[in-house]
Amino acid sequence: MNTQLNRLALVALIMLAALIVATTYWQSWAAGSLAAKQDNAIELVSQFEVSRGLILAANGNTVLAADRKVKRNGQTFYFRRYPSHGLAAQTIGYSTSALSQTGLELSLNDYLTGATSNLSNAIQRTLNQIGGGTVYGDNVVLTINAGAQALAQQLLGDRCGAVVAMNPRTGAIYVMASSPTYDSNLIDKPGGYAKVLKTKGACGDASALLNRATYGLYAPGSTFKMVTASAALDSGAFTPTSGFNDPGYCVEYGKHVSNAGNPDQNGPETYGHVTLAQGFQHSINSVFCNVGKQIGAKVILDYAKRFGFYSTPPLETPANQRLPSGLYKNDKLWFPKDPATEVDPGRLAFGQERLQVTPLQMLMVGATIANGGVVPRPYIVDRVIGHDGSVVSRTRASTLGRAIKPETAAELNQMMVSVVQAGTGTAAQIPGIQVAGKTGTAETGVNKVYTAWFVSFAPANNPQVAVAVVLEKQLNGFGGAVSAPIAKQIMQKLLHR
Amino acid sequence: MLTAIGFASVYISRRSHISTASLTYALLFFVLYLAAHVVARFTVPNADPYLLPLAGLLTAIGLTEIYRLGPSNAFKQGLWVVIGVAVFALVIVVLRRDYRLLENYKYIFGLSAIGLLFMPLLPGIGQTVNGSRLWIHAGGLQFQPGELGKLALIVFLAAYLREKREVLAQGRVKDWGPLLVIWGSAMLVLFATGDLGSALLYYGIFLAILYAATARLKFVAAFIGLFLVGSAAVYEGTPHVRERVTNWLHPWTTQKVYCALNGHYTLRQDCASYQMVQSLYSIAHGGYGGTGLGSGVFQNAQGAPLIPFLSTDFIYSAVAQELGLVGAAALILIYMVFVLRGFRVSLAANDGFSKLLAAGLTFGFALQTFVIVGGILRVIPLTGITLPFVSYGGSSVISNFIVVAGLMLVSDRANA
């Protein structure tokens, strides 16, 4: 009988061993995916037991997101409050008591709850946990300049649009404002979310939750001439002094493409003999139309790619809150297989066609020119700091590669300076500082209603700050008239002028 | 004795970890364990020295976790442990001369096993909990008679198969009668109570003892076939069992399915498989090291419990969260050691009845652990039975102490 008994014992032990294997599976292999499940109430609760880290502006003092301590059934939970009442609301996002999260609150959740950390912090946390003490998440210090951010929000007012500013040398984002906006504290209040959903800007569009700086797509208008000019100069096809004859229109496919349709162009409708630089300064469409025809759509699009078009700009916010820029067809990003036949090069050259861009992307174009042709990699988290004050991680500035030669960047810099000195962007002049800029006024399909752009940087000889401003649905509102003043004030604020 | 003190000190240190006030609990438990040990020392001096400490350790882990989940339950469980130890002492003292007397009363055990199994079905005292009719209650006391029925069944099978093993092995048809009655009863119980777990347990024990006695794998295969046929019929006929299997195969749905609990359409993880899914979350949350005793999350932010039946059927997911993979694996290892000792007792026994009895008790113990923990871990469909010694529940504690008493009696005789 002992043979059978031995076998039975083996069966029993195998059964029990299987339990250890299964436990190992759930606790290591599958643990991550289970923790990420929407209905995982344990993860939800355990996150509220952690004192969530602060989100701070660059000065380290302005608190953008903090804890709200709630005692319930003898347990302490930490919910969220936003002491700055929605400063950079769409970028920071929110984290509700139902653990609905967006923005940096979502993408930095692991830091804020202390799930990602260095060794000494992890040990400290474990000791706290065993001792029954409070577990603290890490604090996050952003690159956001609180003063400039508040100013941008104030200048936008109830107009729909966005203001983005960065350090063109490093890519550190100083300002990321989107309008209409909301008070993040509302989200978790009864009926508050519905109220936010109904918040309308002057454009009549109720989408306060949308981060227009990274998710808003607009026709770039003449700001795209920065890309076309880059392609024209960098490819060697043109120089700033290349001559053009502007009859007030350009001939494409046997038809006239008239300057008169360009609201951005200041001065006379017909300039006659001009240089490329002058065409840029006065934003003359016929000049760029001819440039486009000569170098072709493919070259322009290839240069656009080098500036970051056709890929989602990197940033610490959730990837689904950012969009790539480029040609869009049927609401989808579209790169033509044969640009020569599928894309109208003349219209592409001055920013019409089916171009859709985000304010962040246009800022990257401006910042690249300011940065001598190298695309700075944008970032918004300066450093993560443990509860004990130690630095958990610090962002190092990096680049996305070179888009254009330093000489090309210098030429464009000069051309952009002339735009502000005596061209379409004079409203952005700052006394004592040379400002470089480019206006854009894109048609919206509604007569005399425009998308108004201004992309600029300053000081031109030693760029410290780059700004992109976009305003939606501006009646008779040209980029140089409505957006340039906003850019000017933001640059002044950031340069302490 | 040294081992015992060692285990007890482990228990005390764990206990003081949560709160120093509960040291009295630890002290009481230690005294209790000491009492059991002394009784065993004097009545069955040659018994296996590991079984009682292992049982004590498991009980201690259970009490600690139950205390952590609800101190009032721990008090009641403490009382049940006192009763369990008393029954343990009683069984040992009464049967210390020769437990093999039981063999003579095998049919009484067989009949009482069936009686106990069917008891919850009686109107008036039967009670349905969580879709299964397993309980009787009388005068405010709840009891699961199936726990004792299981033991009676093991005694009957050990005695009957010891006597008939040769003739059965040769395949004499008439001797199969009582066995077929048992098979039919198990299926009936399964059908009537909707309790897949217990049916699996009884049947598994039956097959194990049958195999040990006859060494005929084809019998086992035949009975497994019969079981599958029966199960298929039950699956078709009982929505409760069908639901368990569906929950096991597809606990998560991405589309809303009909929820029988509230009549609405919801995701299955919010309805039928809620308990299992939340329990898996609990286990996963523990990770390698666990959250630490007392730091696990078992309530939502509003203070409502997340996992129903946490301290009874689902205590493993509480232990796995708080002690992590390290603690959970250690717990299973304790069961493995216990099972190994049990089979050692069986191997060392001199007569057929003793061997089969010890093997049956041990295999039943292992199978019960497998059925509940395997159910929680989605190895097999989830069925609600208790985790031996650890789960909160009086009937379970008492019957498990009887198992220990039985194994110690057998080993005392074998080593004498």
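Tutor: Beyond its neighbours within four places in sequence, Met408(B) is in contact with Ala40(B), Val44(B), Ala47(B), Asp48(B), Leu51(B), Leu52(B) and Ile92(B); contact means that two C-beta atoms, placed from the backbone, lie within 7 Å. The model is predicted, with local features needing pLDDT of at least 70 and side-chain atom pairs pLDDT 80 or more, while totals for chains, interfaces and linings use all residues. Residues are numbered from 1 along each chain as its sequence is written, and chains are lettered from A and ligands numbered from 1 in the order in which they are written.

Met408(B) is among the residues with the most contacts inside the largest nonpolar core, which has 146 residues; Val155(B), Ile205(B) and Val404(B) are also among them. Such a core is a set of buried Ala, Val, Leu, Ile, Met, Phe, Trp, Tyr and Cys residues joined through C-beta atoms within 7 Å, where buried means 20 or more other C-beta atoms within 10 Å of the residue's own, again placed from the backbone. A second, separate core of 135 residues includes Tyr182(A), Ala229(A), Val357(A) and Val435(A).

In chain A, buried residues make up 55% of the 497 residues. Of the contacts in chain A with a separation of 6 or more, 70% join residues 24 or more positions apart.

Between the chains, 50 residues of chain B are in contact with 38 residues of chain A. On the side of chain B that touches chain A, the largest share, 13 residues, comes from α12(B), a helix being a DSSP run of H or I with at least four residues, numbered from the N terminus.

Notes: Buried ≥ 20, exposed ≤ 12 C-beta atoms within 10 Å, placed from the backbone. Helix = DSSP H or I, 4+ residues; strand = E, 2+ residues; numbered from the N terminus.
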